[in-house]
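Subject: Structure handover

Hello,

Here is the structure you asked to take over.

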Amino acid sequence: QLQLVESGGGLVQPGGSLRLSCAASGFTLDDYDIGWFRQAPGKEREGVSCISSSGGNTNYADSVKGRFTISRDNAKNTVYLQMNSLKPEDTAVYYCAAQRRLPALMLRLCVFPRAEYWGQGTQVTVSS
């Protein structure tokens, strides 16, 4: 089955860290730009961070710059999102998505209008 599977979410105190993983099953991520998105209750889904297929281009939402780091290991067919200094406002369901040949502007803005794959999401809750 062709799918993306997220893992690594959980409950963490403010200031804590989590590392999310997005693993591909049934296909290889080498040719795909990957984005992490999140959706909090009552809010629209937003792009958090994106990485080009080569890993050479990364982008972040202003709200997470300096705290989150996206990376990929194509040998492991996995993309990661390291989240540090977590805040209660980071609480959301986090999703990853994959799209090939994303235009540069959309990669910079983390907009994936024709994502070929979406994961099922992993819950991140930041609370004391």
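The notes below cover the cores, the disulfides and the aromatic pairs.

This is a predicted model, where local features need pLDDT of at least 70, side-chain atom pairs count only at pLDDT 80 or more, and totals for chains, interfaces and linings use all residues. Residues are numbered from 1 along each chain as its sequence is written, and side-chain values use heavy atoms, with hydrogens and water left out.

Cores

A nonpolar core here is a set of buried Ala, Val, Leu, Ile, Met, Phe, Trp, Tyr and Cys residues joined through side-chain atoms within 4.5 Å. Buried means under 20% relative accessible area, exposed over 50%, and partly exposed in between (1.4 Å probe, protein chains only). The largest core has 29 residues. Leu4, Trp36, Phe68, Val79, Leu81, Met83 and Tyr94 touch the most other members. Strands that give two or more residues to this core include E3 (18-25), E4 (32-39), E5 (46-51) and E9 (92-100). Strands (E, at least two residues) and helices (H or I, at least four) are DSSP runs, numbered from the N terminus. A second, separate core of 7 residues includes Phe37, Cys50, Ala97 and Leu107.

Disulfides

A disulfide is a pair of cysteine sulfur atoms within 2.5 Å. The count is 2.

- Cysteine 22 is joined to cysteine 96, S to S 2.1 Å. The link is right-handed, with 75 degrees about the S-S bond. Cysteine 22 lies in strand E3 and cysteine 96 in strand E9, so the pair ties together parts 74 residues apart in sequence. Cysteine 22 is buried at 0% relative accessibility, and cysteine 96 is buried at 0%.
- Cysteine 50 is joined to cysteine 110, S to S 2.1 Å. Cysteine 50 is in strand E5, and cysteine 110 is in the loop between helix H1 (104-109) and strand E10 (117-118), 60 residues apart.

In sequence order, the bonded cysteines pair 1-3, 2-4.

Aromatic pairs

Rings of Phe, Tyr and Trp (its six-membered ring) pair if their centres lie within 6.5 Å; planes under 30 degrees apart count as stacked, over 60 as edge-to-face and the rest as tilted. There are 5 aromatic pairs. Phenylalanine 27 and tyrosine 117 have ring centres 4.1 Å apart and planes at 15 degrees, so they are stacked. Phenylalanine 37 and phenylalanine 112 have centres 5.4 Å apart and planes at 85 degrees, so they are edge-to-face. Phenylalanine 37 and phenylalanine 112 are both buried. Ring pairs also link Phe27, Tyr32 and Tyr117 into a cluster.

Best wishes
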